[in-house]
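Subject: Structure handover

Hello,

Here is the structure I said I would pass on. Please look through it before reading my notes below.

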Amino acid sequence: MKIKKITVLAIACFGMVFSSVNAQNMFSKDDKVINLGIGLGSSLHTGTGYAMGMPAISASFELGIKDELFDEKSSLGVGGYLGYASSTYKNNSGIDNEYKWTYSDWIVGVRGALHYQLIENMDTYGGLMLAYDIVGVSTPGGYSGNYSASGSVFRASLYIGGRYYFNDKIAAMGELGYGISVLNIGVSIKL
């Protein structure tokens, strides 16, 4: 019974704090934002034997299409996404040679995000991405021969993120979810 009262009190306090924030929306209809990010924690080709090649990089563009979706602090945005990463898999077979495969991934997608202003100078959002992952695989020769192949797959994913604006145009950006990596950090530029 005591835990129930504490939980209700905590939720009420949380609601009062965030409902009292009278912040200007950092993302509104007709806003155009470019995100440039570096990925931390691969969401592709992970496990024993894998090593990151080039760090994951991503770029996305978003356009605000609707204000006040359900109240004055909410907005809706849509845009595109492009990401690239590479990794290498090595397997020592115990014979004379080591097997080695190099993977490259290009992810091209469209995204939609619901923005909700929680904190002053911070644009917080969550959304859905529908993407096409173009995968290339190659071996440099040796015991396994010199081969290359490619394939691709459709992906859908959820993500959450935030942009903290230092001024009207420049923000630090962070996103958690599936893209080219689990966590992307970088910079956002409002056009």
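Which residue's side chain meets that of E175 in a salt bridge? The partner is R111, with N and O at 2.9 Å. E175 belongs to strand β8 (residues 170-177) and R111 to strand β5, so this pair ties together parts that are 64 residues apart in sequence. Both residues are buried. Keep in mind that this is a predicted model.

The chain has 191 residues, of which 34% count as buried. Among the contacts with a separation of 6 or more, 62% are between residues 24 or more positions apart. The chain exposes about 11100 Å², and carbon and sulfur atoms supply 64% of that area.

Next, the other salt bridges. The whole structure holds five salt bridges, and the pair of E175 and R111 is one of them. Another joins E62 and R163, whose closest N and O atoms are 2.7 Å apart. This pair links distant parts of the chain, with E62 in strand β3 (residues 57-67) and R163 in strand β7 (residues 148-165), 101 residues apart. E62 has a relative accessible area of 5% and counts as buried because the cut-off is under 20%. R163 is also buried, at 0%. E62 and R163 are linked with D123 in a network of salt bridges.

K190 and D31 form a further salt bridge, at 3.5 Å from N to O. K190 lies in strand β9 (residues 181-190), while D31 sits in the loop between α1 (2-20) and β1 (32-42), so the pair ties together parts 159 residues apart in sequence. K190 is buried, with a relative accessible area of 13%, and D31 is buried at 18%.

Then the nonpolar cores. The largest one has 12 residues, including A56, Y81, I107, M129 and Y159. The elements that give two or more residues to this core are β4 (74-92), β5 (98-119) and β6 (122-138). β6 gives the most, with three residues. Apart from this core lies another, of five residues, among them M26, F27, Y165 and A171.

V135 is buried, with a relative accessible area of 16%. The C-alpha atoms of V135 and G151 are separated by 5.2 Å, and the two residues are 16 residues apart along the chain.

Regards

Note on methods: Residues are numbered from 1 along each chain as its sequence is written. This is a predicted model: local features need pLDDT of at least 70, side-chain atom pairs count only at pLDDT 80 or more; totals for chains, interfaces and linings use all residues. Side-chain values use heavy atoms; hydrogens and water are left out. A nonpolar core is a set of buried Ala, Val, Leu, Ile, Met, Phe, Trp, Tyr and Cys residues joined through side-chain atoms within 4.5 Å. Buried means under 20% relative accessible area, exposed over 50%, partly exposed in between (1.4 Å probe, protein chains only). Helices (H or I, at least four residues) and strands (E, at least two) are DSSP runs, numbered from the N terminus. Contact means heavy atoms within 4.5 Å. Accessible areas come from the Shrake-Rupley method with a 1.4 Å probe; for residues, only the protein chains shown count as cover. A salt bridge is a side-chain nitrogen of Lys or Arg within 4 Å of a carboxyl oxygen of Asp or Glu.
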